[in-house]
Amino acid sequence: MKKKTALIYGITGQDGAYLTKFLLTKNYIVHGIIRRSSSFNTHRLDGIYIDPHYKTNLYLHYGDITDSTSVTKNILQIKPDEIYNLAAQSQVRVSFDIPEYTSNVVALGALRILDTIKTLKLNKKIKFYQAGSSEMFGSAKPPQNEKTLFYPRSPYAVAKVFSNWITINYREAYNIFACNGILFNHESPLRGETFVTKKIVSAICKIKENKQKKLYLGNLYAKRDWGHAKDYVRAMWMMMQQTKPRDFVISTGKQHTVKEFINLTARELKMKITWKGKGQREKGIWNKKEIIAIDKKYFRPTEVESLRGDSRLARKVLKWKPSYNIKSMIQEMINEEYKS
Ligand code: NAP
Ligand code: GDD
């Protein structure tokens, strides 16, 4: 059978790396777009990438989703069966500092790919996956599902709402196979260092080993529905194997506060943290030392307080379910922390 070809925007990110690995095991030829940077940014692909002088099913190309000419050229050259758009300035806090850039990448990036698919009219029906986000729900009350109205609370989330609706619009207007995966937070050892789970696991491991003194955090009471990236990229692929395009929420259905995540991590490391004080004076104490403190710079101008997904549609139609729970995910993140 002819191998399928996938094109991944955002291949160097957390999900891009897991999706690449997954698609290679499914016998795909995988192409990924990387951005030129002053130092190598492909470390998450270490162990997967093979020099194309040797036999490989993985190819990397320079490009940028803010550059329409490169988007058109890459899609025309590669002629993929499936395009996964995972490219984003994905840090919600940072989107308040660079809202215009974030919107260009996140909102217009999706449009550039969709419009290329529409305009090129290649001799094949390209399927398109858009990385939607639970951030789009913002202030909407949990549990959130496909029918919940969006109430985005950051420039990032507003841009994701645009990409969600432009995906639906191109599907309806031009009969393109285009779907949105509305994914709740998902983490892993490959998570970027500034996201709260990775920041917590990495710091607490170092504090235990006496390699770091203190961890500074923002809002300890935000609630998130945290799953594992490996489970979530499988869901992306499952959506693309449907005969009709449809949008799905992907989530565990379980919710924890940031503080609970800290306590769970400490418990795995056999550390008991006690908490003192309130508000910006709250502190986490271990071994009589103050190891966690609040720094207001990590608060957001507008916060998403409570996310918990209802993924019954995906579980019924795609037969998707997560294989990790929060404990096994934290264990894996801790184990990898000690390897690095
Ligand atoms: P990530 O680790 O931040 O990866 C983002 C990827 O986008 C990186 O490969 C990055 O390249 C690339 N990128 C950024 N700007 C680009 C541009 N202008 N042109 C081309 N590529 C660009 O994010 P992730 O956690 O893997 O998430 C993947 C996608 O899912 C993102 O769209 C994110 O918004 C969305 N999402 C994530 C979660 C989650 O919890 N992880 C939940 C819902 C939705 P560099 O490596 O060069 O920076
Ligand atoms: N990053 C960070 N750093 N977050 C902190 C900190 C801190 O020091 N202290 C508290 N938090 C709180 C944030 O205010 C937020 O409520 C929560 O921890 C989670 O923050 P992040 O891990 O940065 O993730 P996020 O929920 O804002 O966004 C992630 O998930 C979205 C899906 O809901 C990102 O991956 C987005 O790209 C994704 O769309």
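Here is the tour, starting with a few ground rules and then moving from sheets to single residues.

**Before you click**

This is a predicted model, in which local features need pLDDT of at least 70, side-chain atom pairs count only at pLDDT 80 or more, and totals for chains, interfaces and linings use all residues. Residues are numbered from 1 along each chain as its sequence is written, chains are lettered from A and ligands numbered from 1 in the order in which they are written, and side-chain values use heavy atoms, with hydrogens and water left out.

**Stop 1**

Switch to cartoon view. Helices (H or I, at least four residues) and strands (E, at least two) are DSSP runs, numbered from the N terminus. Two strands count as paired if DSSP finds at least two bridges between them.

Seven strands make an open sheet here, with parallel pairing, and the order to trace is β3-β2-β1-β4-β5-β6-β11. Select β3 (58-62) and β11 (248-250): these stand at the edges with a single partner strand each, so one side of each has no neighbour in the sheet. From one strand to the next, the twist averages 20°. For angles like this, axes are lines fitted to C-alpha atoms (for helices, over the stretch in contact), and the angles run from 0 to 180 degrees between N-to-C directions.

Now pick out β5 (residues 127-133) and β6 (residues 177-183). How many bridges join β5 to β6? Seven, and the two strands run parallel. Along the way, you'll find A131 opposite G181 in β6.

Helix α1 (residues 14-25) lies across β1 (5-9), β2 (29-34), β3 and β4 (82-85), and α1 runs at about 175° to β1.

**Stop 1: the four-stranded sheet**

Then look for another open sheet, this one of four strands in the order β8-β15-β14-β13, with mixed pairing. Its edge strands are β8 (215-217) and β13 (274-276), each pairing on one side only. The twist here averages 25° from one strand to the next.

Zoom in on β13 and β14 (residues 283-286), which pair in the antiparallel sense over three bridges. Click W275 and look across to β14: its bridge partner there is G284. Helix α6 (residues 196-208) packs on this sheet, touching β8, β14 and β15 (289-294), and the direction of α6 makes about 155° with that of β8.

**Stop 2: a threonine in a loop**

Select T148, in the loop between β5 and α5 (155-174). Is T148 buried or exposed? At 18% relative accessibility, T148 counts as buried; buried means under 20% relative accessible area, exposed over 50%, and partly exposed in between (1.4 Å probe, protein chains only).

Show its side chain and you'll see T148 reach the backbone nitrogen of N145 at 2.8 Å. Skipping neighbours within four places in sequence, T148 is in contact with F137, A140 and P143.

**Stop 3: salt bridges**

Colour the charged side chains. A salt bridge is a side-chain nitrogen of Lys or Arg within 4 Å of a carboxyl oxygen of Asp or Glu, and the whole structure has 15 of them.

- Start in helix α4 (residues 99-120), where K118 and D115 sit three residues apart, about one turn of the helix. The closest N and O atoms of this salt bridge are 3.8 Å apart. K118 is partly exposed at 28%, and D115 is partly exposed at 27%.
- Go back to helix α7, where D231 and R234 are also three residues apart. Their side chains meet in a salt bridge at 2.8 Å, N to O. D231 is buried at 2%, while R234 is partly exposed at 21%.
- Now find K327 and E268, which meet at 3.4 Å, N to O. K327 lies in helix α10 (residues 326-339) and E268 in helix α8 (residues 258-268), so this pair ties together parts that are 59 residues apart in sequence.
- Finish with E135, R224 and E303, joined into one network by salt bridges that share partners.

**Last stop: the cysteines**

Select C179 and C205. C179 is buried at 0% relative accessible area, and C205 is buried at 3%.

Conventions. Contact = heavy atoms within 4.5 Å. Polar contact = N/O pair within 3.5 Å; in protein donor to acceptor, adjacent residues only side chain to side chain.
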